[in-house]
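Thank you for sending this model for comment. Please read the points below with the sequence and the coordinates open beside them.

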Amino acid sequence: MAKRKPGRKDQMLALLLYPLDWLEERSGLVGGVKYFLFRKVPGDISWGHTLGSASLTAFIVQAVTGVILAMYYKPDPNSAYESIRNITDDLWAGWLVRGMHRWGASVFIILMFLHMGRVFLYGAYKFPRELNWIVGALILVMGMMEGFFGYLLPWDQTAYWATVVGVNLQATGPFVGPFLGDILRGGAEIGPDTLARFYSLHMLVLPGAIIGLIVLHLYLVVRLGVVSPPWSPEAAGGERLGPPPPPRSGLVAPSPRGARRR
Amino acid sequence: MDQHGGQGSPHEPTPTIWPVGFAIGIACIFVGLIISKIVLVVGAVLTAIFGFLWIRDATSGLRTVPTQPEEEPEPAPSAPAIPAHKGRPAMPEPGEGEIVRFPRSKLLEATTLGLGGLIGLVVTAPVLGFTILPPFIKQGHPEIDVGAIDDFPENKFVTTTFLINPEQGEVSRRTAYIRNNGLLGDAPSFTILSNRCAHLGCPVQINGLPLKKSSETRDGLVVDRTPTAAAAGFGCPCHGGQYDNEGNRTAGPPVRALDRYEFRIDDGRLMLGKTFSVSEVDGTGADAKIHTYPLAGPGQHVDGIEAWLYPVQPPR
């Protein structure tokens with residue numbers, strides 16, 4: 001094909017890329033994404049450094065499956081349990097999406113813990129990255145709150161009594177505890193208001209806050225750069241040892257075309 | 001003024017005696033919390049005064065503006081006119097990177113920030129109030145008719161379930177353990193225990209053999225009554241709290257006795273009112289002495305020094 005009609009392939013490619021060019025010319029977004037994806041990182045990073053993006057992926061899975069579950073779930077004491085049963089037993093692949101959301105919640109927390117451990121053991125929380133550690137810790141806390149508020153939603157006996165105990169635990173906090181408990185329950189006892197309240201917090205307030213914090217977290221990662229392992233011969237601020245490795249082609253390296261277009 | 005001199009040296013405040021008074025004030029507060037309110041107030045005043053003096057002393061170096069170098073004395077009026085490039089300028093020259101601002105631009109900035117803050121407040125306050133206040137307003141429930149006095153055999157616990165908020169449906173079903181103690185003088189006496197565990201609010205179960213259940217429907221509301229043969233206290237399935245027949249804690253993590261319901265006899269019917277908290281019960285049955293307190297949440301002490309952790313309870 002290409003030999004018989006030279007230039008045809010380039011024409012096709014130019015046609016395919018035209019929308020991206022259009023977007024880039026008006027917004028600079030393509031360049032921004034490329035800057036984010038192809039930024040420089042130390043040469044001796046390892047699989048441990050992928051735990052952050054793994055956590056992000058887990059969060060995206062939670063967000064997508066959660067949005068879909070919200071289309072079928074009814075946050076009302078008289079129909080919540082029945083709607084969950086409907087999702088699990090009747091709707092096509094409902095069991096799968098609910099299972100992804102349910103087990104993915106644990107995966108999200110576990111990955112955040114592993115990511116946190118990697119950052120701690122590599123000393124990647126030190127100056128100038130303390131703020132990013134704080135932001136990450138806030139994301140972890142909010143992820144756990146997501147777990148707490150989401151646990152009530154199936155509205156079965158486990159969910160109900162676990163929430164009774166969990167809220168009462170917080171209500172034993174000194175001075176403000178009794179008031180905190182009432183605010184969480186939406187009253188003196190767990191009832192319809194509690195379920196609606198937990199649903200709102202679980203699917204609107206906390207995810208919004210987590211998304212904002214993730215954006216801040218990533219901005220700081222890009223701004224401050226990635227840390228080498230402590231045993232790296234490339235000390236911080238030092239010269240790179242030897243010539244840089246030859247660029248690999250493929251998914252993780254910029255294409256020559258991309259380089260030219262920039 | 002800067003005894004340590006030079007830039008970059010640690011800027012430590014000079015030694016001061018005020019923290020001693022501050023510490024005495026704090027100690028007075030703690031002692032006053034236990035002994036008397038007067039000592040508490042004295043301690044608070046001491047803490048405030050010495051805290052203020054301490055802060056004032058510690059920040060004196062920061063608050064004092066460095067003195068300007070001595071200005072050139074004004075030349076005598078009779079002296080010959082000085083050239084334009086000498087002497088003080090009529091207006092201060094803007095430094096590098098400094099922006100000269102007119103008063104009206106400062107006014108505009110203040111107006112924008114002020115108005116923006118005001119609009120933010122006007123929007124946020126009702127939303128925040130709507131989030132936080134409803135849980136504290138119009139709490140409580142109407143009196144509940146759980147049956148005739150004759151439905152409760154003497155000296156037997158009857159496990160009674162009822163809807164505390166009928167419009168909310170089954171989620172508001174509550175359980176009370178009701179024992180008819182016979183007559184105290186000429187008034188009927190009842191022991192009515194809430195099944196909410198005083199540890200973290202799980203449902204306590206009666207340790208005894210359930211007998212035949214009877215149901216009664218009044219005004220469309222179902223009340224279930226199950227008498228128990230030979231009750232031997234109550235146990236909580238969640239964390240193993242145990243109570244005796246008067247609701248006193250006998251083992252496990254609960255911090256006080258089981259809560260109780262107020263009751264009233266209306267035309268031979270037993271009406272349940274509000275719940276209240278109990279630290280402990282001395283004696284048994286109709287002669288028991290009940291140490292009552294306003295309703296507190298599970299896990300919250302109502303007596304002893306730990307009760308200081310929960311000085312104010314939300315309205316019920």
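1. For chain B the mean pLDDT is 85, with 86% of the residues reaching 70 or more.

2. Where pLDDT is low, the predicted coordinates should not be read in detail.

3. Chain A contains ten helices and zero strands, so that from the N terminus onward its elements read α-α-α-α-α-α-α-α-α-α. Of the 262 residues in chain A, 23% are buried. When contacts in chain A between residues at least 6 apart in sequence are considered, 68% of them join residues that are at least 24 apart.

4. Helix α6 (residues 130-151) of chain A packs with α9(A) at an angle of about 160°, and their axes lie 9 Å apart. Because angles over 145 degrees count as roughly antiparallel, α6(A) is roughly antiparallel to α9(A). The crossing of these two helices, α6(A) and α9(A), is left-handed, and the residues of their contact comprise 18 nonpolar, six polar and one charged.

5. Turning to the two chains together, 23 residues of chain A are in contact with 24 residues of chain B. On the side of chain A that touches chain B, the elements giving two or more residues are α7 (157-171) and α8 (177-185) of chain A, and α8(A) provides the largest share, with seven residues. Sorted by class, this side of chain A has 13 nonpolar, eight polar and two charged residues.

6. Helix α8(A) may be examined residue by residue. Its buried residues are A:P178, A:G181, A:D182, A:I183, A:L184 and A:R185, and what covers the buried residues of α8(A) includes α7 and α9 (192-224) of chain A together with α4 (103-132) of chain B. After α8(A) comes A:G186, a residue whose phi is positive, near 70°.

How values were computed: Residues are numbered from 1 along each chain as its sequence is written. Chains are lettered from A and ligands numbered from 1 in the order in which they are written. This is a predicted model: local features need pLDDT of at least 70, side-chain atom pairs count only at pLDDT 80 or more; totals for chains, interfaces and linings use all residues. Two residues are in contact if their C-beta atoms, placed from the backbone, lie within 7 Å. Helices (H or I, at least four residues) and strands (E, at least two) are DSSP runs, numbered from the N terminus. Ala, Val, Leu, Ile, Met, Phe, Trp, Tyr, Cys and Pro count as nonpolar, Asp, Glu, Lys and Arg as charged, and the others, Gly among them, as polar. A residue is buried if 20 or more other C-beta atoms lie within 10 Å of its own, exposed if 12 or fewer, and partly exposed in between; C-beta atoms are placed from the backbone. Axes are lines fitted to C-alpha atoms, for helices over the stretch in contact, and angles run from 0 to 180 degrees between N-to-C directions. Angles under 35 degrees count as roughly parallel, over 145 as roughly antiparallel, 65 to 115 as roughly perpendicular and the rest as oblique. A crossing is left-handed if the near helix is turned anticlockwise from the far one by less than a right angle, and right-handed if clockwise. pLDDT is the predictor's confidence in each residue, from 0 to 100.
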